[in-house]
Amino acid sequence: VGGHPTPQAGPMKPTGVDRIIAIASGKGGVGKSTVSANLAVALARQGRRVGLLDADIYGPSQPRMMGASGRPASPDGKTIEPLRAHGVTLMSIGFMVDEGKAVVWRGPMLMGALQQMLGQVAWGQLDVLIVDLPPGTGDVQLTLCQRSELTGAFVVSTPQDVALLDARKAIDMFATLKTPVLGLIENMSTFICPACGHESQIFGHGGVAAEADRLGVPLLAQLPIDLDTRLSGDAGTPIAAGDGPMAEAYGRLAEGLVR
Ligand code: ADP
């Protein structure tokens, strides 16, 4: 762990990992990390061996969302021991830097860190490694797609046009890099008033489904705006770890992934 990570050439797919699924979005704040955490927890609850790599280097959310903290140990000075939370093997750049401190790194440092998290972490045997990507179409996405033999990507978007516009760019990037887009996930698709039960489509309706149609990929889930999803994320116990409709929705998403 010590010293500055330096990038090296070569493939970065950890041995023992069956498939790597990247969770991507065009914009930040659409729920990419929330979906990543909950999908990982749902998979673990179904008995899958699952890892979660928080590759959102500039804004790592997984330590908070998964309720995990501490510095990963490196007993031999070469391999890094990941943490465990909610049945998920977990690694995040957030474990290496202090919460609240900015990561001010140039490209090579960034790539070195990414490479360490993939190549030097003792992931063990995993059915699925979920990678929570940074938003957008930058260096991290490029490197991962080109070097880590991604099985495919899920693209998360909210229904409003500005989010969809950027989601399309992410989808376009995956097409260019020949990474299969396995499906789209619409998050914050509708709001059900807890007081009166009225359903409002605050961010619009139908855009993500139309995009999935255009691409010929499945719309894997439509997840509502849900107060408990946000509260449980902030509290470090993803909603998929509990019971109720949201946990069930993530359970279905997880089932579809490894079928
Ligand atoms: P991203 O990873 O795309 O930046 P996050 O997963 O960090 O987005 O989500 C941003 C914020 O929105 C977080 O506070 C999260 O708890 C909240 N959030 C995400 N999805 C939902 C949802 N379906 N309902 C309510 N809040 C949500």
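This dialogue walks through selected features of a predicted model.

Biologist: Where should I begin with strand β2, and is it enclosed or open?

Modeller: Begin with burial, where a residue counts as buried if 20 or more other C-beta atoms lie within 10 Å of its own. In strand β2, residues 50-54, five of the five residues are buried, so the strand is largely enclosed by the rest of the structure.

Biologist: Which residues point which way from β2?

Modeller: V50, L52 and D54 point one way, while G51 and L53 point the other way. All of them are buried.

Biologist: Which strands pair with β2?

Modeller: Pairing is read from the bridges between two strands. Five bridges join β2 to strand β5, residues 126-132, and these two run parallel. Within that pair, L52 stands opposite I130. Strand β4, residues 88-92, also pairs with β2 in the parallel sense, over four bridges. There L53 stands opposite M91 of β4.

Biologist: How many residues of β5 are buried, and what else does β5 pair with?

Modeller: Six of the seven residues of β5 are buried, so this strand too is largely enclosed by the rest of the structure. Strand β1, residues 17-25, pairs with β5 in the parallel sense over six bridges. I23 stands opposite D132 in β5.

Biologist: Which residues touch the most other members of the largest nonpolar core?

Modeller: A core of this kind is read from buried nonpolar residues joined through their C-beta atoms. The largest one here has 77 residues, and A22, A40, I130, V131 and V155 touch the most other members. Helix α1, residues 32-45, gives the most to this core, with eight residues.

Biologist: What does V131 touch?

Modeller: Residues up to four places away in sequence are not counted. With those set aside, V131 touches I20, I21, A22, I23, L53, A55 and L144.

Biologist: Which residues are closest to the ligand?

Modeller: The ligand is surrounded by 17 residues, and the closest are G31, K32, S33, T34 and R230. The elements giving two or more residues to this shell are α1, β7 (181-192), β9 (219-225) and α7 (227-235).

Biologist: Which residues other than glycine have a positive phi, for example?

Modeller: Two examples are H86 and K178. H86 has a positive phi of about 50°, and it lies in the loop between β3 (83-85) and β4. K178 has a phi near 60°, and its place is the loop between α5 (161-176) and β7.

Biologist: Are H86 and K178 buried or exposed?

Modeller: H86 is buried, because 23 other C-beta atoms lie within 10 Å. K178 is exposed, because it has 9 other C-beta atoms within 10 Å.

Biologist: What is A249 in contact with, and where does it lie?

Modeller: A249 lies in helix α8. The residue is buried, with 20 other C-beta atoms within 10 Å. Leaving aside neighbours within four places in sequence, A249 is in contact with A221 and L223. A249 and L223 are 26 residues apart along the chain, and their C-alpha atoms are separated by 7.7 Å.

Biologist: Is G251 buried, partly exposed or exposed?

Modeller: G251 is partly exposed, because it has 18 other C-beta atoms within 10 Å. The residue is in helix α8, residues 245-258.

Notes
Residues numbered from 1 in each chain as written. Predicted model: local features only at pLDDT ≥ 70, side-chain atom pairs only at ≥ 80, totals over all residues. Buried ≥ 20, exposed ≤ 12 C-beta atoms within 10 Å, placed from the backbone. Core = buried A, V, L, I, M, F, W, Y, C linked by C-beta atoms within 7 Å. Contact = placed C-beta atoms within 7 Å. Near = placed C-beta within 6 Å.
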